[in-house]
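Let's walk through this structure together, starting with its charged pairs and ending with one of its pockets.

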Amino acid sequence: MPVSFAGRAALAVSIAILLCGAALVFWKTADIFLLVFAAVLLAVFLRTVSRFVQDHTRLTEGWALATVIVGLGGLLLLAGITMAPSIITQLGILRERVPQGFEDLRAQLGVDAAVLPSVEQIAPLAPRIFSTTFGIGASAAVILAVGIYLSMAPQKYKSGVVALFPKARRRRAGEVIDAIGETLRLWLMGKIVGMAFVGTATTIGLWALGHPLAFSLGLLAGLLDFIPNIGPLLAFIPAILISLMASPTEALYVAILYTAVQGVESYLVEPWMYQRNVDLPPALTISGQVFFSILLGFLGLLIATPLLAVGLALVKQLYVEEVVEQQPTPLEPEAPPRAA
């Protein structure tokens, strides 16, 4: 029996209402979604390191994971105890010198606050950038707790998700989840290697130039490298401002150093790490970062790249392999018989 126009209209309206409702729920719970995704990234990292430990020792899976968690916690605690006084001292100097260098630059350029605002005008914006629904401390605690629990029993949570699919599709659903996990693992490992390279190379370069804040500026460069696009710029600003207070020549050397480090990371380190499965086109990456930053704010910008990597993995698994590659190949027309 054909469906009437009223029935089709009611179906279309119902679908539109459901989509709007889903979009509204996602909008209201975006921060929670970002926290869960960040926890998944942490779980992938912990599982990757624990797998490496398990492969090179006789430890079981559970003991390898426990060793990694305790070891990383101990390293962070030891680093905090041994390096905290030096870091605090250098950050204190950095906090004093950056505003002065900023004011000197504004005076040299001859611009007023309307064109180039002061540090005092910019500083209050920082808490807004890093604020979330729960706050920084609570968000970190949620990410840590959820990430550890996910890493302890990943198969349990995977089985729960797979059980939501029909029995005939559960095997394929498990394969897709594994592909997403592998994509995140490759992206995360590449990003960590890139951050470590930027931090180490910047620290060594600034130390070779005789910069008094080499360690803190190198650490800052490595951490901010996690932020796409604007992270390297944010790390470069305090270094160049402090160098300008010393001499233009030193500022030039620092600018060359930061440019060289970022160039090597962008064109050698990251492509080498991502060459296997995480192949994100630059135009798509930038567009996705702009989209997620507008939609979800600063945290959206932070995880835009892994979200895009997951999206591409889903497209490959669910569309390319399930639809495109399953289409039958049209048969070539038979050649007409030759005349005798």
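How many salt bridges does the count come to? A salt bridge here is a side-chain nitrogen of Lys or Arg within 4 Å of a carboxyl oxygen of Asp or Glu, and by this rule there are five. Please keep in mind that this is a predicted model, in which local features need pLDDT of at least 70, side-chain atom pairs count only at pLDDT 80 or more, and totals for chains, interfaces and linings use all residues. Residues are numbered from 1 along each chain as its sequence is written, and side-chain values use heavy atoms, with hydrogens and water left out.

Helices are DSSP runs (H or I, at least four residues), numbered from the N terminus.

Now turn to helix 8, where Arg185 and Glu182 are three residues apart, about one helical turn. Their closest N and O atoms are 2.7 Å apart. Arg185 is buried at 17% relative accessibility, while Glu182 is partly exposed at 28%; buried means under 20% relative accessible area, exposed over 50%, and partly exposed in between (1.4 Å probe, protein chains only).

Finally, find the second largest pocket, which is lined by 29 residues, with Val40, Val44, Pro154, Ile177 and Gly181 nearest its centre. A pocket is an open set of points on a 1 Å grid over the protein atoms alone, where a 1.4 Å probe fits, with protein on both sides within 12 Å along at least five of seven lines; lining residues have an atom within 4 Å of a point. Helix 2 gives the largest share of this lining, 11 residues.

Note on methods: Helix = DSSP H or I, 4+ residues; strand = E, 2+ residues; numbered from the N terminus.
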